[in-house]
Amino acid sequence: MTDDNAPVRFDTKIAVLLRDDLETWQRLNVTAFLVSGLGTQVPEVIGEPYADADDTPYLPMFRQPVMVFAGSKEILTGAHAKAVSRGVTLSVFTSDLFATGHDEANRAAVRAVQRDGMDLVGLAVHGPRNAVDKILRGASMHP
């Protein structure tokens with residue numbers, strides 16, 4: 001007999017790293033933005049659509065957990081450099097994006113700053129478990 005509710009160990013990991021000095025609303029907003037593009041670039045992380053007992057349809061979600069971490073500005077900067085060097089799927093959120101009002105302005109704000117000069121407040125990564133664990137070294141699980 002198999003347990004359909006037994007935890008599954010995934011070969012990959014989805015993780016969000018947030019700067020530890022953000023306000024609560026910023027943490028939630030940044031997390032939502034950071035993971036929003038993953039399914040478009042890595043479609044295998046998306047499961048099947050949902051439906052309730054009345055057959056009301058719902059959108060599909062990630063097949064695996066999204067782990068959320070927090071760290072200092074220095075940890076975030078280091079994690080970004082490691083993620084870029086390892087070539088994992090990566091999204092970023094900079095402090096400049098809090099002042100923009102739409103997608104085009106967001107992209108322009110990121111484009112205006114060189115990689116090493118970005119004021120990162122969050123990033124999301126997807127990749128092999130071991131690689132993601134090394135990228136996030138020094139960060140702690142979000143409280």
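1. The side chains of K13 and D133 form a polar contact at 2.5 Å; the term denotes a pair of N or O atoms within 3.5 Å, where within protein one must be able to donate a hydrogen and the other to accept it, and residues adjacent in sequence count only if both atoms are side-chain atoms. This is a predicted model, in which local features need pLDDT of at least 70 and side-chain atom pairs count only at pLDDT 80 or more, while totals for chains, interfaces and linings use all residues. Residues are numbered from 1 along each chain as its sequence is written, and side-chain values use heavy atoms, with hydrogens and water left out.

2. K13 sits in strand β1. Its relative accessible area is 11%, so K13 counts as buried (buried is under 20% relative accessible area, exposed over 50%, partly exposed in between; 1.4 Å probe, protein chains only). Not counting residues up to four places away in sequence, K13 touches Q64, M67, V125, H126, G127, R129, V132 and D133; contact here means heavy atoms within 4.5 Å.

3. The largest nonpolar core has 15 residues, of which A15, L17, F69, L123, V125, I135 and L136 touch the most other members. Such a core is a set of buried Ala, Val, Leu, Ile, Met, Phe, Trp, Tyr and Cys residues joined through side-chain atoms within 4.5 Å. At least two residues of this core come from each of β1 (12–19), α3 (73–86), β6 (120–128) and α5 (129–135). Apart from this core lies another, of 11 residues, including L22, L97, A109 and V121.

4. For A15, the contacts beyond four places in sequence are M67, F69, L123, A124, V125, V132 and L136.

5. T89 belongs to strand β5 (residues 89–94). T89 is classed as partly exposed because its relative accessibility is 30%. Beyond four places in sequence, T89 is in contact with L38, V42, A124, V125 and H126.

6. Of the contacts with a separation of 6 or more, 74% join residues 24 or more positions apart. Buried residues are 33% of the 143 in the chain.

Conventions: Helices (H or I, at least four residues) and strands (E, at least two) are DSSP runs, numbered from the N terminus.
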